[in-house]
Amino acid sequence: MNRVTQNLVLTLLGGAVLRISAFSTTYLNYVKPGFRPFLIGAGIVLVVLGVIGLLQASQTKENPTHDEPRDHPDGQDRPPADDHPHDHDRPGASEHGPADGDGGGHDHAHGGPRVAWLLCLPVFAIFLIAPPALGSFAAARDDTPPPRDQTLNSFTPLTGTGPVEMTVGDFIGRAWDDDKKSLTGREVKLTGFVSPAKKKGQWYVTRMQIACCAADAFPLKVAVRGLQEPPADTWVEVTGTWIPQTFGTMTTGVVYPQMTGKSLTRIDAPDEQYE
C-alpha cells in the first residue's frame, strides 16, 4: 500500500464517519446521541489529513527531485566522485556489478504491510452493509441482570387518567423498586421491539440499554400476556396494565416484570432505538 492509497483510505474513512454522523442518524445504531459532535470532529480531521496527504503525494510526483551537478571553483562541472573507487578490489566484486548483498547502492521503497488494507473494512461496512441496531437476536443471548440503581423510591407520581407513556426501563424500575406501587391499576404504554419468550402464552417488549455504545448493550424486557405475538424484531406500542408478582419460593434466573396487554400498534423503528 503506497502513500497515495493510504491517504485515500484515510479520506474515505473520514467520509464514512461523516456520512453516518453529520448527514444521517445511522450513528445512533452504535453510540449514544451525545457522541455526535465527537464523531463529526473525528470525521473532519480524517478527511483533512487524507486530502493534505493526497495533495503532497501529487506534488511529489509532479516535481521529482534529481541530483544536480555540483559547481567547482575552476568553473568546470565534474561528475560526482565515486564513493567506492576500489570496489573492484573487494572480494566478490566484478565488472558486472557489486558484490552479493550490496544491493547495487540503490534504495528500494516498499509499501506498507498488506494488513493495512483491513482499514477499508469499516468503510465498506458503513457504505455497503450499514449494520442495524441490536435486536431480538442480541436480546435473547444476554440474560445477565444489570446492576441495580442505588437511587430508589425517587419515582415521580403518575398523573392523568389515560395511558401513561413510559420507557421500558422506567416500567421495570417501578415494578420492582417502587414502594408506593404506582403502577397498580394504571394503564401504561410501552414502545419496543418484539423478542420471543421461552414460556408459552407470552412474549417480550424489549429495548436495549447502553452506557456509551452498542458493545455494552443490555436488554430490558417486559413480558406481555394476553396479546398475540407479532414477528420478532417488529416495533410495537403496547398498552396494558402491570401484573403484580409475588414469589412464594426463591426463583432462579432472571425474572421479568409482566403486564396484561390490551392493545397493540405496529410502528416504524425510531431513529434512537436504545434507551
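What follows is a set of questions and answers on how the terms apply to this predicted model.

Author: Residues are numbered from 1 along each chain as its sequence is written, and side-chain values use heavy atoms, with hydrogens and water left out. In this predicted model, local features need pLDDT of at least 70 and side-chain atom pairs count only at pLDDT 80 or more, while totals for chains, interfaces and linings use all residues.

Reader: What is the mean pLDDT of the protein, and where is confidence lowest and highest?
Author: The mean is 78, and 72% of the residues reach 70 or more. pLDDT is the predictor's confidence in each residue, from 0 to 100. Confidence is lowest in H3, at a mean of 72, and highest in E5, at 96. Over residues 93-109, pLDDT stays under 50. Helices (H or I, at least four residues) and strands (E, at least two) are DSSP runs, numbered from the N terminus.

Reader: Why is the pair of phenylalanine 193 and tryptophan 235 called edge-to-face?
Author: Rings of Phe, Tyr and Trp (its six-membered ring) pair if their centres lie within 6.5 Å; planes under 30 degrees apart count as stacked, over 60 as edge-to-face and the rest as tilted. Here the centres are 5.7 Å apart and the planes stand at 65 degrees, so the pair is edge-to-face. A search of the whole structure finds three aromatic pairs.

Reader: What makes this pair a tie between parts apart in sequence?
Author: Phenylalanine 193 lies in strand E2 (residues 187-196) and tryptophan 235 in strand E5 (residues 235-243), so the pair ties together parts that are 42 residues apart in sequence. Both phenylalanine 193 and tryptophan 235 are buried.

Reader: Why does threonine 239 count as buried?
Author: Buried means under 20% relative accessible area, exposed over 50%, partly exposed in between (1.4 Å probe, protein chains only). Threonine 239 has 9% relative accessibility, so the residue counts as buried. Threonine 239 is found in strand E5. Its contacts (heavy atoms within 4.5 Å) include Pro163, Glu187 and Met259, not counting residues up to four places away in sequence.

Reader: Is serine 136 buried or exposed, and how do you know?
Author: Serine 136 has a relative accessible area of 8%, so this residue is buried. Serine 136 is found in helix H4 (residues 136-139). Among the residues it touches are Phe193 and Asp233, not counting residues up to four places away in sequence.

Reader: What makes aspartate 233 and lysine 181 partly exposed?
Author: Aspartate 233 is at 40% relative accessibility, so it counts as partly exposed. Lysine 181 has a relative accessible area of 42%, so that residue is partly exposed too. Aspartate 233 lies in the loop between E4 and E5, and lysine 181 in the loop between H5 and E2.

Reader: What is the phi of each?
Author: Lysine 181 has phi near 50 degrees, a positive value in a residue other than glycine. Aspartate 233 is not a glycine either, and its phi is positive, at about 75 degrees. Most residues other than glycine have a negative phi.

Reader: What makes helix H5 mostly covered?
Author: Seven of the 10 residues of H5 (residues 168-177) are buried. Among them are Val168, Phe171 and Ile172. The buried residues of H5 pack against E2, strand E3 (202-209), strand E4 (218-225), E5 and strand E6 (258-266).
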